[in-house]
Amino acid sequence: MMRKNDYRKLALMGTLMIVLLAFQNYTGRGKEKFPEIRFITESSVPLNLTNFDPNELDAKQWERLGFSEKQVATLLNYKKIVGGQFTSKAQFKKCYAVSPEKFTELESYLLFPENGKDRYSGKFKGYKKKEIIVSRKFNPDGFSAADWMKIGFSEKQAEAILKYKNYLGGSFVSKEKFKECFIISSENYSRLEPYVLLPAKTPNDFKNSSKSYAVKSKIQYHNFDPNTTDLEGWKVLGFSERQAQTIVNYRDRNLRGSFKTPEDLQKCFVISSEKFQELQPYIKLNPTVDKKQETDFSKIDLNAITFKQLLEFGLDEKSAGSMIGFRKKLRGFVNKQQILDTYNIDKDLVQKLISIAPLDVSNVPKYTLTEAPEEWLKDHPYFKYSADKIIFYRTTYRDDKKILKLLKLKPEYEERMKLYLK
């Protein structure tokens, strides 16, 4: 009996020792090492962002935008999963490799619609990648946007390349720096490299700053009147196209078309104090008699006002063009709020205009849904997305109310349609 109890005790002690050893082994294990995480900081983000199509970027171009190798791999895999092509900003945003902060940073530069519904709208038709073709040696420093487009780059890509050159200080400097332009893929660089007339290596004293690397010797200053200098004239004086446009806008909009003193020019934020010192000896302001406004805008119909008259009122070319273009698509405004809702306009200046000028809607065409021409339905901004349904429903129903009910539109969209319905 005693021997049997001893065996039991020994067995119990052995079991306890095994449990203790197992517990010690479990708690004593080293902590699992997590993979190193690389955070994308502001310093890693390129300073020359411009509009781009995410579907055209390769792995190297994504890295130049500040993504890590793993993030790039995730992006490219996600693109395959969604059918080989991103179709909208909303879809791109869903990729978990794109943080909310990164999406906010890139959103305004993404070259596709807010959502997939507009993918096949008119402004995206015919948008396809061209092959880059070059047959002779060239210095990219002397290329204009038109030159880049001639060899196969899109207009947006050409603008991006020029913006990158301006960021470098007006010169690509070397093949190394030229290769770093994120809009030029590895494949396209390989095609261009044998023809590029630039040094292979970047000079040791090069600093990546447009201020420190500006090539002053190339600018031949001459006497000029800033009130008569146009966009090309400012570019000749050493300003980029965007800077030149800013100066022209500042003069025409903020100063109502005239610099009164050289100091007015100095106040324009794109002209540094150093640049102003260079320009000052050549500034020749001719005394001008203040022009009286030729147009009485209280008598000009907003549905008849011209591009030139909008410029006279103080709008820049972009605002005036947007207003005229939207009015043309609508076949005329029917209320003043539509003008304020126009994209890319100076709302403060337009608000002042519509408070003065009248709006005559008597010549704006209106139809019933059953009688509206197909061409009008398919082209009008308020009807074109429902045009096919309207054309289908009206073969059966001759009542506008019934057709509107079948369309199941959001209330605000239906109200917009009714502005142009009899």
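Ser 174 counts as buried, with a relative accessibility of 0%. The model in which this residue is seen is a predicted one. Ser 174 is placed in the loop between α7 (155-168) and α8 (175-179). Its side chain is joined to that of Thr 202 by a polar contact of 2.7 Å. Leaving aside residues up to four places away in sequence, Ser 174 touches Leu 198, Pro 199, Ala 200, Lys 201 and Thr 202.

### The chain as a whole

The chain has 21 helices and zero strands. Of its 422 residues, 38% count as buried. Among contacts between residues at least 6 apart in sequence, 58% join residues at least 24 apart.

### Helix α20

Which residues of helix α20 are buried? In this helix, which covers residues 400-407, they are Asp 400, Ile 403, Leu 404 and Leu 407. Viewed down the axis of α20, these buried residues fall within an arc of 100 degrees, so they line one face of the helix. An α-helix has 3.6 residues a turn, so residues three or four places apart point the same way. On the other side of α20, Lys 401 and Lys 405 are exposed. The cover over the buried residues of α20 includes α19 (387-393) and α21 (411-418).

At the start of α20, a side-chain oxygen of Asp 399 comes to within 3.2 Å of the backbone nitrogen of Lys 401. Just after α20, Lys 408 adopts a positive phi of about 55 degrees.

### Loop residues

Arg 331 is in the loop between α15 (317-330) and α16 (336-340), and Asn 344 is in the loop between α16 and α17 (347-356).

Thr 228 and Leu 285 are 57 residues apart along the chain, and their C-alpha atoms are separated by 9.4 Å.

Rolling a probe the size of a water molecule over the atoms shows where empty space is left. The structure holds one cavity of 30 Å³ or more. About 50 Å³ of space lies in the largest cavity. How many residues line the largest cavity, and which lie nearest its centre? The lining consists of 11 residues, and those nearest the centre are Phe 52, Asp 53, Glu 56, Gln 157 and Ile 183. By class, the lining residues divide into five nonpolar, three polar and three charged.

Technical notes. Residues numbered from 1 in each chain as written. Predicted model: local features only at pLDDT ≥ 70, side-chain atom pairs only at ≥ 80, totals over all residues. Heavy atoms only, no water. 1 Å grid on protein atoms, 1.4 Å probe; cavity = no way out; pocket = protein on both sides within 12 Å on 5 of 7 lines; lining within 4 Å. Points joined across faces, edges and corners; volume = space filled by probe spheres on them. Nonpolar A, V, L, I, M, F, W, Y, C, P; charged D, E, K, R; others polar. Buried < 20%, exposed > 50% of the residue type's maximum accessible area, 1.4 Å probe, protein only. Helix = DSSP H or I, 4+ residues; strand = E, 2+ residues; numbered from the N terminus. Arc of directions from axis to C-beta. Contact = heavy atoms within 4.5 Å. Polar contact = N/O pair within 3.5 Å; in protein donor to acceptor, adjacent residues only side chain to side chain.
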